[in-house]
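Please look over the sequence and the 3D structure below. The report that follows takes them part by part.

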Amino acid sequence: MKSLKLQKVKVGDVLGKSLFSEKGELMLAAGYELTQEMLNLLKKHGYRQVYLYDEATKDIKPLDVISDVVRATTTKRLNNSYGEVAKSLDRVHTSPLHMKHRLADDHSLRKILPVGEVNKAVSGLVEEILDNNVSLLSSLPMKSITGKTFEHAIDTAVLTVLIGQQFNYEYKELKLLGSASLLHDVGKLVFPQIGEKQEFTLSFQEKWLMREHPTYGMLILKGSDPHSYVEQTTILQHHERPDGKGFPQGIKGDNVPPLKTVEPDPTRIFRHAEILAVANAYDNYISGEMDGILYTPQAAVSELVQQAGTVYNPHVLRALTKVIQFFPAGGEVMIHSTSSGRWDGFKGFVMTANSQEYAKPVVLLMQDAHGNDIDPEEVDLREEEQVQLELII
Ligand SMILES: [Fe+2]
């Protein structure tokens, strides 16, 4: 299986991984031979990459942290939960700022989030991650435009759980972290027209309003599940920064996970929120939500690391680097340079990722430096002293 940019996918190519709609329903099943209509559908939904199956790459099997089935079930549950909240909020005709008071005081806005459904979603997700025992994010997430809300919630939750595992979090704690991650942007439902937009396209006024979404999210959860104090705090603080320049409260943080605190301290950033902040930003970089540019996993991590200590907790960033595979199996790569110079300019796909020296995977070369197709050739880049490799996204 290989991952390919949608622009390069042709009629007759065979889909390698199933794709699901934003409601968690099967849209196209793995094994379909793509028709022009199907390609149009993928374009309409805003997919940028898809996995394809072909004879040459049939032995490449990207490892998934969660299965398609669990992803689809989680999407369905989130769609139901967010749908209920949206319906309740829609009935209230008031300005976004007044909504804060209504969410805090109005009894008709209690229990608008189906907590049982969210609990099932997070249990299913965390159990799957523990069962599969894949501790690395080693496949490229398939991102679409139409499904971005729940794809982002799920991919962020998966990443926070993987980071939590690096700090030896137990099941119960992973669930608290996963639950807050699945719900971290639920407060954006208060202003659906703005919430749907990409953050960097917002006007000054819209940005100012958006700074309230962690508070709305916290209030929605508080009204529905008053005892979920840890998750509420995590949601409220997911845009705070260690240097105190975050929002909505501007509190500081300097956690050295795995620091155990029984109760979150409301005057400092809670450690779960620092994990969520990193996972959220990473996922925004790789899906183009941060500034409109699609970042490779390596470029995204490098951006985050440059903001270590000011915007992001450095200990969490270190854990992040341990759970991201920069050149995952199935990813398309171009070799810029090697010590021998033999493969410079060649293109192919990663066969086996290298967990020791990430830039030296085993690759299946398919194209020479002039862009001509060649007989697939397996090359182990560990044999080269220096390698400059680029993941094509
Ligand atoms: Fe957010």
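## Helix α11 and its end

Gly288 follows α11 and has a positive phi, near 80 degrees. The helix itself covers residues 271-286 in this predicted model. Helices here are DSSP runs of H or I with at least four residues, strands are runs of E with at least two, and both are numbered from the N terminus.

How long should α11 be? At 1.5 Å a residue, its 16 residues should span 22 Å, and the end C-alpha atoms are 23 Å apart, which agrees. The expected span is 1.5 Å times one less than the number of residues. Is α11 mostly covered or mostly open? Of its 16 residues, 15 are buried. A residue is buried if 20 or more other C-beta atoms lie within 10 Å of its own, exposed if 12 or fewer do, and partly exposed in between; the C-beta atoms are placed from the backbone.

## Numbering and confidence

Residues are numbered from 1 along each chain as its sequence is written. The model is predicted, so local features need pLDDT of at least 70 and side-chain atom pairs count only at pLDDT 80 or more, while totals for chains, interfaces and linings use all residues.

pLDDT is the predictor's confidence in each residue, from 0 to 100. The protein chain has a mean of 93, and 99% of its residues reach 70 or more. Confidence is lowest in helix α7 (residues 192-195), at a mean of 83. It is highest in strand β2 (residues 14-15), at 98.

## Domains

The domain assignment gives domain 1 (2-53), domain 2 (68-323) and domain 3 (332-391). Such bounds come from an automatic or database domain assignment. The C-alpha centres of domain 1 and domain 3 lie 26 Å apart.

## Leu103 in helix α3

Leu103 sits in helix α3 (residues 96-105). Leu103 is buried because 23 other C-beta atoms lie within 10 Å. Which residues does Leu103 touch, not counting residues up to four places away in sequence? They are Leu109, Tyr216, Leu219, Ile220 and Gly223. Contact requires the C-beta atoms of two residues, placed from the backbone, to lie within 7 Å.

Pro114 is 11 residues from Leu103 in sequence. In space the two are 16 Å apart, C-alpha to C-alpha.

Lys111 is in the loop between α3 and α4 (115-132). Its phi is near 55 degrees, a positive value in a residue other than glycine. Lys111 is partly exposed, with 13 other C-beta atoms within 10 Å. Asn133 lies in the loop between α4 and α5 (148-166). Phi of Asn133 is also positive, near 60 degrees. Asn133 counts as exposed because it has 8 C-beta neighbours inside 10 Å.

Pro248 is in the loop between α10 (229-236) and α11. A cis peptide bond joins Phe247 and Pro248, with omega about 5 degrees.

## The five-stranded sheet

Five strands form an open, antiparallel sheet in the order β9-β8-β7-β6-β10. At the edges stand β9 (373-380) and β10 (387-391). Each has a single partner strand, so one side of each is left without a neighbour in the sheet. Neighbouring strands are turned by 35 degrees against each other on average, direction ignored. Axes are lines fitted to C-alpha atoms, for helices over the stretch in contact, and angles run from 0 to 180 degrees between N-to-C directions.

Strands pair if DSSP finds at least two bridges between them. Five bridges join β7 (residues 347-352) to β8 (residues 362-367), and the two run antiparallel. Gly348 has Leu365 in β8 as its bridge partner.
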